[in-house]
Amino acid sequence: RVAGSSPLGSKQWYSMLALLLLVVAAAEACALGHGDDAWGAATAVLQDAVAARVFPGCAAAVTDAGDETAPLLYAVAVGNFTYGVPPPYNGGNPATDLESLFDMASCSKVVAATTALAQFYQRGEVSLDTKVASLLPGFEQNGKADITIRNLLLHNAGFPPDPSPGYATASFGCPNTGEDHPAEDFSCTSMCYKSMLSQTLQYPPGSQYVYSDLSMMTLANCVGRLAADLGYVTDADTQLGCPVGEQLCYYEAYVRRYVFEAMGMPSSRFFVDEDQRSSCAPTLNDTSYRHTVVQGLVEDSNAYAMGGVSGHAGVFAPLRDIVAFARRWLFAATDDPLLNATTAALFVKEQNHAQSSRALGWNTNDYTAPDQGWNQCCGTLSESTFMHIGYTGTMICVDPARNLIVVLLTNHVYPTADNADEMHQARQNFATAVQQIYDGQRSRQQE
């Protein structure tokens, strides 16, 4: 970006141009109505975003088929890992492809934490009204005794958005924080857990919606406690170096076995081996904490300080795994022991319209709710669309009105996250282009 140049620096210019290109390209694609060219408008949105440096690369897919053997309606990879500078684990600047691993950021909240909790709920091993303190002794301090699992899932537990001080700050005092390149290890996991137990509230439980990472940090610990107490995992199942007795170690082991492995997501993980990090799209050029470009390690600094595992961030996954995950939710079978249709329908339904657009763990695309479904990130897909986004530039939109899955994975925080508004516009434009093309194709098929 050239200093002082308005074309890439003006949010208004980008939004207006993207919208104009979207309308024109969508009309052209709808006119074609067949073959790969029919999706040209969707690809154009992504290409324009790369050209405008909203993100260096992305992978995206669309499907309306529950059968995992059915071909995708659309799948594309655009751009490269960076804008030219080789990332730490690559000798050059590789093209982003359909096998690239992405830091899912807050999409981890649904891909891991929410799905794991839904399984315990489905088996009758926990209630939505279970008090968190009954699972995590000590949590009741500072007015938290009445917080329930439901409050955590709806982000109305009363927490502030993030822990303060943050776990990666010098004032918090993790052992590694003062180092130039602090290791992602478990040396601060216990400190972070104790801080979560003593966390104070911003509002009375249930009274206000505040999107909070603390809610999902807490939920992960609940899942870990349940997994260990009910015998789903043991210390032998945890990652090497994970401290014995830590809930997050059991959480990671449970998610790895009963979500990733069991639900057809073989390449998804919390920890990426060093020899596989060259397959990961890099994220932040961290100049204040890790002093390097982050690649193959979690971008979120709180999750990093916790050892790379949390309920709010930490999952790495390729496009195909996220498509498989979304299929399990949208096309849940009535007798699926991992996630059945009844459980899925409950968790993806908006719960309190007067307070927020939130479902249980998921958000929805309901622009009539007070928070407008994150300002309608999923564009013109239906209001019943259940969805989530991630800070790194990820998005999952699942539209039950159309039986349509839309996944967009990017690394927009490389090298910085200064373009959040442009990223939001790109998400909207892509989802809207998909909706217009898909509806146009279905309309012509019915003629």
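Figure 1. Pro415 is located in the loop that links strand 10 and helix 14; helices (H or I, at least four residues) and strands (E, at least two) are DSSP runs numbered from the N terminus. The peptide bond joining Tyr414 and Pro415 is cis, with omega about -10°. A cis bond also leads from Ser164 to Pro165, where omega is near 5°. Pro165 belongs to the loop between helix 6 (149-154) and helix 7 (189-198). The model is predicted, so local features need pLDDT of at least 70 and side-chain atom pairs pLDDT 80 or more, whereas totals for chains, interfaces and linings use all residues. Residues are numbered from 1 along each chain as its sequence is written, and side-chain values use heavy atoms, with hydrogens and water left out.

Figure 2. Six strands make up an open, antiparallel sheet in the order 2-1-10-9-8-7; two strands are taken to pair if DSSP finds at least two bridges between them. Strand 2 (74-79) and strand 7 (363-364) are the edge strands, each with a single partner, so one side of each has no neighbour in the sheet. Helix 3 (residues 40-51) packs on the sheet and touches strand 1 (57-63), strand 2 and strand 10 (404-410), where contact means heavy atoms within 4.5 Å. The direction of helix 3 makes about 15° with that of strand 2; axes are lines fitted to C-alpha atoms, for helices over the stretch in contact, and angles run from 0 to 180 degrees between N-to-C directions. Helix 11 (residues 319-330) lies across strands 1, 8, 9 and 10, at about 150° to strand 10. Five bridges connect strand 8 (residues 386-390) with strand 9 (residues 394-399) in the antiparallel sense, and Phe386 has Val398 in strand 9 as its bridge partner.

Figure 3. Asp286 is placed in strand 4 (residues 285-286). With a relative accessible area of 4%, Asp286 is buried; buried means under 20%, exposed over 50% and partly exposed in between, for a 1.4 Å probe and protein chains only. The side chains of Asp286 and Arg290 are joined by a polar contact of 2.8 Å, that is, a pair of N or O atoms within 3.5 Å; within protein, one must be able to donate a hydrogen and the other to accept it, and residues adjacent in sequence count only if both atoms are side-chain atoms. Beyond residues up to four places away in sequence, Asp286 touches His291, Thr292 and Val294.

**Figure 4. Val255 in helix 9.** Val255 is part of helix 9 (residues 247-261) and is buried, at 0% relative accessibility. Neighbours within four places in sequence aside, Val255 is in contact with Ala112, Ala116, Phe260 and Phe270. Val255 and Ser268, 13 residues apart in sequence, have a C-alpha to C-alpha separation of 9.9 Å.

Figure 5. Phi is near 55° for Trp374 and near 55° for Gln376. Most residues other than glycine have a negative phi. Trp374 is buried, with a relative accessible area of 17%; Gln376, at 19%, counts as buried.
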